[in-house]
Amino acid sequence: MRIEEITGLLEAEILTVNHDKDMDIRSACGADLMSDVMAFSKENAMMITGLVNPQVIRTAEMMDIRVVVFVRGKKPQPTMIDMAEERGIAVLSTELPMFAACGKLYQQGMHGRGDS
Amino acid sequence: MEPGVIIREYTIPANDFVVAGEASSSVRKLLNQMGVAPAVVKRTSIAMYEAEINAVIHGHGGRAHVEIDSEKIVIRISDDGPGIPNVELAMQEGWSTAPDSVREMGFGAGMGLPNIKRHADAFHLDTEQGRGTTVNIIVHFR
Ligand SMILES: Nc1ncnc2c1ncn2[C@@H]1O[C@H](COP(=O)(O)OP(=O)(O)OP(=O)(O)O)[C@@H](O)[C@H]1O
Ligand SMILES: [Mg+2]
């Protein structure tokens, strides 16, 4: 799924400018606990989370996650957006809660690799 | 010093959740620039970042010493914090003494140390109560 499709599906706002618009995202994980992402997420390219702090971007970086979606309308601070842009990570924000955001993606064929 | 060995030192500040991970991030960048295989970079990143975060949240901050040659990366993360009273317990998945403030930041599931062991080719923990903790990690490039 391309970022444009994800943004449309989740009615999300995209907060970064320099990510790769053509990347094809096929798997995702949903978590508020970065410990779990570090320990259980395997090859996921996208993370859906309700947690907002700089370590979310760091965790994404370490796990090769290319897209971070913040749910429930949460908006990261500008420093976090800078961090994401430096790393080529796309940051999205949706008003949807975690369950609905994950459900919509799952329905469209997005799956999880790993246990989270 | 052997020729062709890259040495890096980093300071890991205590309880700073903005800077935490900066050392791991720098090492990751370096490995990518050197053309190390992505799967190896990821294993190294996971192991080092978990150890760095532990030094930040449990060890009152510390330092990282990294040596890279053509075959491997050797990482030593040390702190002068409280040490780990029971290493066997600390190595168990799910065992954590992290306070609520750390949980609110998204950490403290008790998964870090076992995760380091899983991703490193060699892992060694030196700790003394009241003195501090040193985590040694080796990852081979092939
Ligand atoms: N550098 C350290 N100094 C003192 N205690 C430590 C250190 N590293 C780990 N510990 C102790 O070992 C426990 C287990 O560490 P581990 O990294 O596995 O889990 P955690 O840090 O609590 O949670 P997670 O890593 O999942 O976010 C910690 O809760 C802490 O009590
Ligand atoms: Mg830990």
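Visitor: What covers the buried residues of α5(B)?

Guide: Helices (H or I, at least four residues) and strands (E, at least two) are DSSP runs, numbered from the N terminus. Contact means heavy atoms within 4.5 Å. Here the cover includes α2 of chain A, together with α2 (38-57), α3 (87-90), β4 (122-128) and β5 (132-140) of chain B. The model is a predicted one, in which local features need pLDDT of at least 70 and side-chain atom pairs count only at pLDDT 80 or more, while totals for chains, interfaces and linings use all residues. Residues are numbered from 1 along each chain as its sequence is written, chains are lettered from A and ligands numbered from 1 in the order in which they are written, and side-chain values use heavy atoms, with hydrogens and water left out.

Visitor: How many residues of helix α5 of chain B are buried?

Guide: Buried means under 20% relative accessible area, exposed over 50%, and partly exposed in between (1.4 Å probe, protein chains only). In helix α5 (residues 112-119) of chain B, six of the eight residues are buried; among them are B:Leu113, B:Ile116 and B:His119.

Visitor: How many residues of each chain are in contact between chain A and chain B?

Guide: In chain A, 21 residues are in contact with 25 residues of chain B. Buried area is the accessible area (1.4 Å probe) that two parts lose on being put together, summed over both. Chain A and chain B bury about 1900 Å² between them, with 53% of it on carbon and sulfur atoms. On the side of chain A, A:Met38, A:Gln55 and A:Met62 lose the most area to chain B, together 33% of what that side buries.

Visitor: What is the count of salt bridges between chain A and chain B?

Guide: A salt bridge is a side-chain nitrogen of Lys or Arg within 4 Å of a carboxyl oxygen of Asp or Glu. The count is two. One of the salt bridges between the chains joins B:Glu22 to A:Arg58, with the closest N and O atoms 2.8 Å apart.

Visitor: Is A:Asn53 buried or exposed?

Guide: A:Asn53 has a relative accessible area of 5%, and is therefore buried. This residue lies in the loop between β3 (46-49) and α3 of chain A. A polar atom of the A:Asn53 side chain lies 3.1 Å from the backbone oxygen of B:Met105.

Visitor: Which residues touch the most other members of the largest nonpolar core?

Guide: A nonpolar core is a set of buried Ala, Val, Leu, Ile, Met, Phe, Trp, Tyr and Cys residues joined through side-chain atoms within 4.5 Å. In the largest, of 62 residues, they are A:Met47, B:Ile73 and B:Ile137. Helix α2(B) gives the most to this core, with eleven residues.

Methods:
A polar contact is a pair of N or O atoms within 3.5 Å; within protein, one must be able to donate a hydrogen and the other to accept it, and residues adjacent in sequence count only if both atoms are side-chain atoms.
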